[in-house]
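Dear colleague,

Please find below the structure that I am handing over to you, with its sequence. I would be grateful if you could read the notes that follow with the model open.

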Amino acid sequence: MTFLDVIQIFDSTIRLATPLLLACLAGLFSERSGVFDIGLEGKMLVSAFFSAAVAAVTGSVWIGLAAGIAASMAFSLIHGIASITFRGDQLISGVAINFLAAGMTVLIAQDWFQQGSRTPALTGAARFSPIDLPGVEALSGVPLLGPLYAQALSGHTILVYVGLLMVPATWYILFRTRFGLRLRAVGENPGAVDTAGISVARLRFSAVLICGFLCGLAGSYLATGLAAGFTQDMTAGRGFIALAALIFAKWRPWYALGSCLLFGFLQAVSNRYSTLDLGIVEIPNAFVLALPYILTVVILAGFVGRAVPPRAGGEPYVKER
Amino acid sequence: MSLFRKMTSAAALTALSAGAALAEPGLIIDLGGKFDKSFNESAYTGAQRWVEETGGDYMETELASEAQREQTMRRMAERGADPVVVLGFANASTLETVAPDYPETTFVIIDSIVDEPNVQSVMFSEHEGSYLVGLMAAMASESGTVSFVGGMDVPLIRKFGCGYAQGARATSEDIEVIVNMTGTTPAAWNDPVKGGELVRSQIGQGSDVVFAAAGGTGVGVLQAAADEGIAAIGVDSNQNYLHPGTMLTSMVKRVDNAVYDAFEAAEAGNLQTGVQVKDLENQGVGYAMDQYNADMVTDEMIEAVEQAKDQIIAGEIDVHDYTEDDTCTAAGF
C-alpha cells in the first residue's frame with residue numbers, strides 16, 4: 001500500500017462518511033429529545049428524489065436542495081404528529097415513513113419523467129461541484145500533509161464541509177445552549193421539563209424538524225453531490241448504518257463524527273480490496289462490510305463501555321393530571 | 001326487448017373479438033416499466049417494430065407488482081394470446097406452474113430456461129458480447145488497466161465479467177483487469193453512489209476504461225467515469241447517448257430481436273419450443289456503434305472486433321462461459 005493509496009482511501013472515506021454523518025446527527029437530535037427515528041432512510045430517500053427532480057426541472061441545485069429539505073421536513077412532521085401529538089408507536093411510524101418514501105418516490109418519478117423511476121441525469125448547475133479549500137497552494141510544498149490536504153480534504157462538494165461543521169454546531173447547541181439543555185432533559189425526564197413550565201411537545205417537534213433538515217441535506221448530497229440524479233432506492237440502507245453509527249457513538253456528536261468516519265473508512269477499504277491481507281490472516285471483503293454491524297452489537301451488548309440511550313426514548317409523553 | 005338485443009349484440013361482439021384475438025401475440029412488460037431505458041423498453045421496441053413491419057396487432061400488459069405475475073400470465077393466455085412473451089428470469093418459477101395449464105398456448109421466456117413442452121426459452125450469449133467490448137476496452141486503454149463493475153454478485157453478472165476479462169486479455173497478455181461487484185443483495189442493482197465510488201477506486205488503481213453491468217448502479221458508474229474523464233461501456237440497451245465523448249460503446253443484448261423473432265415465427269406458424277440461444281451469429285448480442293461514440297472508436301478497433309467476431313462465430317475462438325462450470329481464470333473467480 002503506497003502513500004497515494006492511503007490518500008485515495010481517505011478521500012473516499014470522507015465522501016462515504018458524509019451522508020452517514022448528516023443522517024447520524026439528524027438521528028442524534030431526534031433521539032436525544034426522546035423520539036426514536038428509524039425513518040432516517042425514508043427521509044433521505046424523499047429528499048434525494050425531490051432535490052434531484054427539482055434540480056432537473058429548474059436547473060438549479062440550490063432550489064433542488066431547498067425542495068429536498070422541505071420534503072424531508074414534511075416527512076418529519078408526519079412522524080412528529082403521529083408519535084408526539086397522537087402518541088403513536090415511534091418505531092411503527094418510522095417504518096411507515098420508510099415504506100411511504102420507497103413507494104412514493106418511485107411512483108412520482110415514473111409519472112413525472114417516464115424514465116424507469118429515475119430522474120434525468122443532472123448536469124452543470126443542477127449538481128454540486130467540487131470546491132477547493134483555501135491554502136491548497138500554500139501547503140502544496142509540505143510533504144505528506146500537502147497532498148493529503150489537497151487531495152483528501154479539499155475538492156469535495158460544499159455539503160461535505162457543511163456536514164463536518166455540523167458536528168461542532170451540534171455539540172454547541174446541545175451542550176452549551178439553553179435550548180440544548182432542555183432538549184436533552186426532555187429526552188431523559190420529560191415530566192421534570194413539563195413541571196418547569198416548558199412545552200414538551202414543542203421541544204420534541206423542533207428536534208424532529210431539525211432531524212428532517214439534516215436528513216434533507218444527507219439525501220440531497222447523495223442525489224446531487226455524489227450521484228447525478230435519483231434512482232430507485234438509492235439510499236441503499238445508509239439510514240440504517242447511520243442509526244448503527246449513532247448507537248456506536250453513544251448519542252454524542254464528536255463520537256458520531258468518529259464512528260461515521262470509521263464506518264466510511266471500512267466501506268472505502270472494502271471497495272478497494274477484495275480481500276484484506278494483514279500479513280498473518282486474509283480478511284474477506286464481506287467481513288469488512290459487516291464490521292459496522294458487528295461493532296454496534298458488541299457495543300450494545302456492553303462489552304466495550306455501555307451505550308445508554310436517552311431514558312425517555314421511545315415513550316410518548318402523557319401529561320399528568 | 002331492447003335489453004335482450006343489446007345483450008345478444010354484445011355477445012356477438014365478444015365472440016368476434018375472441019375470434020380475431022386468436023392469433024394475436026401477447027407481451028407482458030415486467031416490473032420497472034415500459035420506458036426503463038433498458039430491458040423492458042428494448043422488448044417494447046421489438047414489438048413495435050413488428051407492428052410497423054407487419055401491420056399486426058398484439059396484446060400488452062404491464063406488471064405493477066410481483067404478486068400480479070401469475071394472474072397476468074393466466075389472463076393473457078385465457079384471452080387467447082399466442083405466444084405469450086414474458087421478460088426476465090424472475091418469471092421462471094411462475095411460468096413453470098402456469099405453462100402446463102395452457103398446453104395449447106406457447107410461452108416465450110427471456111433470460112431463463114423453463115423446461116416445459118410449450119415454452120421457448122431464450123438465452124443470450126452475454127459472454128461473447130462482453131468478450132468483444134473487453135477487446136475494445138483493452139485497445140482503448142492507455143494505462144494497461146481496465147475494470148468491471150458488476151451489480152449483484154450472481155452467476156449471470158460473473159458471466160459478463162468473465163467474457164470481458166477474456167476479451168481484454170486476448171488483446172494483451174499483461175493487461176490488468178480489476179473486477180468489483182457492488183454487493184450481494186438486490187440493493188446492489190440500485191446503488192449509483194457505491195457504483196461511482198467503486199469506479200473512483202478503480203481509477204485510483206490505474207483503470208481508464210470501465211464496463212458497467214449493474215442496472216441502476218451502472219448509471220452512477222457511467223456518470224463517475226464521465227466526471228473523471230475515463231472511457232466507459234454501457235450494457236443491455238445502447239447507452240452511448242448518456243455521456244457522448246466518454247462512452248466507448250455498449251454491450252447490447254437484443255431483447256427487441258428476441259421479441260420480434262418470436263412474434264414473427266408465431267405468425268408464420270413455426271415457433272420453436274425449447275432453448276433458443278441468441279449469440280453473435282444471429283445478432284442476439286453485440287457492440288453498439290452510433291454518432292455518439294464514433295469519435296471514440298478507431299478503425300483498428302473495429303477491424304479487431306470484427307475479426308474476433310468472425311472467429312467466435314466460426315468457432316476458432318472459444319469464449320469461456322462462467323455459468324458452465326462456475327469458474328473463470330481470466331477474471332480471477
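The findings below begin with chain B as a whole and then turn to particular elements and residues.

Please bear in mind that this is a predicted model.

Chain B contains 11 helices and 12 strands. It is divided into domain 1, covering 2-124, and domain 2, made up of 127-252 + 285-325. The centres of domain 1 of chain B and domain 2 of chain B, taken over C-alpha atoms, lie 33 Å apart. Along its principal axes, the C-alpha trace of chain B extends over about 85 × 40 × 35 Å. Of the 333 residues in chain B, 55% count as buried. Among contacts in chain B with a separation of 6 or more, 67% are between residues 24 or more positions apart.

Helix α7 of chain B comprises 13 residues, 192-204. Just after α7(B), B:Gly206 adopts a positive phi of about 105 degrees.

Turning to the nonpolar cores, the largest has 83 residues, and A:Cys24 and A:Ala245 have the most contacts inside it. Helix α10 of chain A (residues 200-226) supplies the largest share of this core, 14 residues. Another core, of 63 residues, lies apart from it and has B:Val199, B:Val209, B:Phe211 and B:Val252 among its members. Leaving aside residues up to four places away in sequence, A:Ala245 touches A:Leu20, A:Cys24, A:Ala256, A:Ser259, A:Cys260 and A:Phe263.

Finally, B:Asp115 is placed in the loop between β4 (107-110) and β5 (119-124) of chain B. B:Asp115 has 10 C-beta neighbours inside 10 Å and therefore counts as exposed. From B:Asp115 to B:Tyr287 the separation is 172 residues in sequence and 30 Å in space, C-alpha to C-alpha.

With kind regards

Note on methods:
Residues are numbered from 1 along each chain as its sequence is written. Chains are lettered from A and ligands numbered from 1 in the order in which they are written. This is a predicted model: local features need pLDDT of at least 70, side-chain atom pairs count only at pLDDT 80 or more; totals for chains, interfaces and linings use all residues. Domain bounds come from an automatic or database domain assignment. Helices (H or I, at least four residues) and strands (E, at least two) are DSSP runs, numbered from the N terminus. The expected span of a helix is 1.5 Å times one less than its number of residues. A residue is buried if 20 or more other C-beta atoms lie within 10 Å of its own, exposed if 12 or fewer, and partly exposed in between; C-beta atoms are placed from the backbone. Two residues are in contact if their C-beta atoms, placed from the backbone, lie within 7 Å. A nonpolar core is a set of buried Ala, Val, Leu, Ile, Met, Phe, Trp, Tyr and Cys residues joined through C-beta atoms within 7 Å.
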